[in-house]
Amino acid sequence: MRRAGRGRVRVRLAVAIIAATPLFGPRLSAQQTHSGSPPTDFAPHWTLGAMAIGVVTHAAPAALGRSVTEGYLTQPMLLAGLQLAGGALQALASVNLEGTTLRRGEINPGIYGEGYIDRRHPHTYLHEAMIGGLLHAGPARLSLFGGKGVVPFGTDDPMTRPFAKYPVNHHLAQVIERVLLVAALSAGPAAVEMARFNGDEPEGPADWPNSGRAFDSWSVRITARTPVGIETSVSRARVESPEFATGQGLDQDKSSASARFQREAGIVRYAMAEWGRTRERERNGRTAFTFSSLLAETSVAVRGLHLSARVERSERPEEDRLDDPYRSVRPLLDFNVLGRTRWEIVTVAVATPSLRRGWLSAAPFVEGAWLRPQALARPAAFDPHVFYDAKQLWSWSAGVRVEGGTMRRRFGRYGAALAAGPGHGSPVRSSQ
């Protein structure tokens with residue numbers, strides 16, 4: 001009873017913080033300083049925003065063939081940004097409260113990572129805290145940012161995309177919550193980002209990267225943009241021992257390629273396709289496992305409704321599980337991987353236009369997914385058809401997305417890496 005009471009208090013606290021965001025509304029600024037020419041407004045500009053999703057999910061079947069129905073306050077986030085000297089100096093921060101609202105994880109069939117399986121793990125409280133400078137040099141822009149944030153690899157964090165549930169490939173397609181130093185150079189339609197960061201993944205919401213792992217990993221991403229708003233990128237990364245914090249685990253060689261389109265008006269509002277591959281290697285260079293992913297998603301506006309669809313074909317490791325079928329052994333060694341499963345998933349979502357009241361907006365939605373897991377080797381130490389007692393799974397969700405103040409459209413692009421000028425999408429959006 002005491003645990004349940006504390007849980008309700010935490011949820012109410014998160015809701016209260018988000019609901020209080022309108023009090024700061026008159027001070028918020030969506031000032032754009034990421035233009036192609038040097039800014040002329042040198043007054044300080046700061047932004048503040050908050051978001052959360054209240055959702056109920058029914059998965060049938062889930063682990064051990066049992067259906068699960070659960071409700072959550074997921075993705076509760078506080079966002080802040082500050083720009084000084086016309087954008088020459090910038091700071092941004094994101095606080096994630098999932099450590100209080102998603103302690104056991106969010107039911108999300110197919111997903112894995114950081115010791116959770118078929119449940120999305122809570123992110124760290126300090127999701128992002130970056131500071132840096134942006135320099136205009138004729139047609140070029142240069143920036144240097146450091147702190148804790150999103151590594152320039154792969155595609156955007158799924159929380160900025162039009163679905164409540166994360167794709168299976170989250171840990172194949174993104175590298176987040178690392179201490180990093182990232183340099184970016186852009187000129188015309190092209191940008192290149194280079195970063196050094198710690199390889200170890202967080203081991204809990206309050207975890208901080210190991211000091212001995214600082215800058216042991218690297219990534220490079222090259223992006224090209226067109227005048228009509230299509231953005232393509234390729235990236236590579238070498239991540240040292242992400243699953244074993246002290247550094248004795250398998251290293252990852254990661255590759256990604258993607259194309260993205262987004263605009264504010266018209267029927268097609270957003271589209272993205274990506275390919276990714278992660279090779280897990282032993283220290284002698286031998287490839288132990290390879291995991292690949294293909295994903296495409298889009299969102300259109302039809303008669304006031306936002307209709308979204310995602311198709312995914314991703315592979316994941318099947319890790320040795322604890323007595324809790326949704327948790328896996330940590331630290332993870334190669335002999336704890338029992339096999340590989342390919343997940344084929346079709347997800348559709350429908351959301352109404354945002355209902356606005358002052359600085360708050362709320363958008364109700366429903367989302368459904370059909371999932372088919374298949375073992376990639378026979379005989380397999382882990383057979384998904386036996387574990388789930390089914391060859392295909394279903395997941396249904398309904399809820400409401402609440403936003404207040406100034407939202408950031410994208411996570412993981414800093415300074416010169418942000419698109420410049422019209423037609424490429426603004427780095428922030430306002431719920432006003």
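**Rings, strands and a hidden space**

Visitor: Why does Tyr388 count as buried?

Guide: Tyr388 has 1% relative accessibility. Buried means under 20% relative accessible area, exposed over 50% and partly exposed in between, using a 1.4 Å probe and protein chains only, so Tyr388 counts as buried. Before we go on, this is a predicted model, in which local features need pLDDT of at least 70 and side-chain atom pairs count only at pLDDT 80 or more, while totals for chains, interfaces and linings use all residues. Residues are numbered from 1 along each chain as its sequence is written, and side-chain values use heavy atoms, leaving out hydrogens and water.

Visitor: How many aromatic pairs does the search of the whole structure find?

Guide: It finds six aromatic pairs. One of them is Phe387 with Tyr388, with ring centres 5.0 Å apart and 85° between the planes. Rings of Phe, Tyr and Trp (its six-membered ring) pair if their centres lie within 6.5 Å, and planes under 30 degrees apart count as stacked, over 60 as edge-to-face and the rest as tilted. That makes Phe387 and Tyr388 an edge-to-face pair. Phe387, at 14% relative accessibility, also counts as buried.

Visitor: Why is the pair of Trp394 and Trp396 called stacked?

Guide: Their ring centres are 6.2 Å apart and the planes are at 0°, so the pair is stacked. As for accessibility, Trp394 has 36% and Trp396 has 48%. Trp394 therefore counts as partly exposed, and so does Trp396.

Visitor: Which residues form the aromatic cluster?

Guide: Trp343, Phe382, Phe387 and Tyr388 form one.

Visitor: What makes you say that the charged end of Arg327 sits over the ring of Tyr116?

Guide: The charged end of Arg327 is 3.9 Å from the centre of that ring. The rule asks for NZ of Lys or CZ of Arg within 6 Å of the ring centre and within 35 degrees of the ring normal. Arg120 likewise sits over the ring of Tyr166, 4.4 Å from its centre.

Visitor: Why is strand β5 said to be largely enclosed?

Guide: Five of the five residues of β5 (residues 116–120) are buried, so the rest of the structure largely encloses it. Strands here are DSSP runs (E, at least two residues) and helices are runs of H or I, at least four, numbered from the N terminus.

Visitor: How do you know that β4 and β5 pair?

Guide: Two strands pair if DSSP finds at least two bridges between them, and β4 (residues 106–113) and β5 have four, in the antiparallel sense. In β5, Ile117 is the bridge partner of Tyr112. The hairpin has two residues between the strands, and Glu114 there takes a positive phi near 55°.

Visitor: What volume does the second largest cavity have?

Guide: About 210 Å³. A cavity is a set of points on a 1 Å grid over the protein atoms alone where a 1.4 Å probe fits but cannot get out; lining residues have an atom within 4 Å of a point. Points are joined across faces, edges and corners, and the volume is the space filled by probe spheres set on them. The structure holds eight cavities of 30 Å³ or more.

Notes. 1 Å grid on protein atoms, 1.4 Å probe; cavity = no way out; pocket = protein on both sides within 12 Å on 5 of 7 lines; lining within 4 Å.
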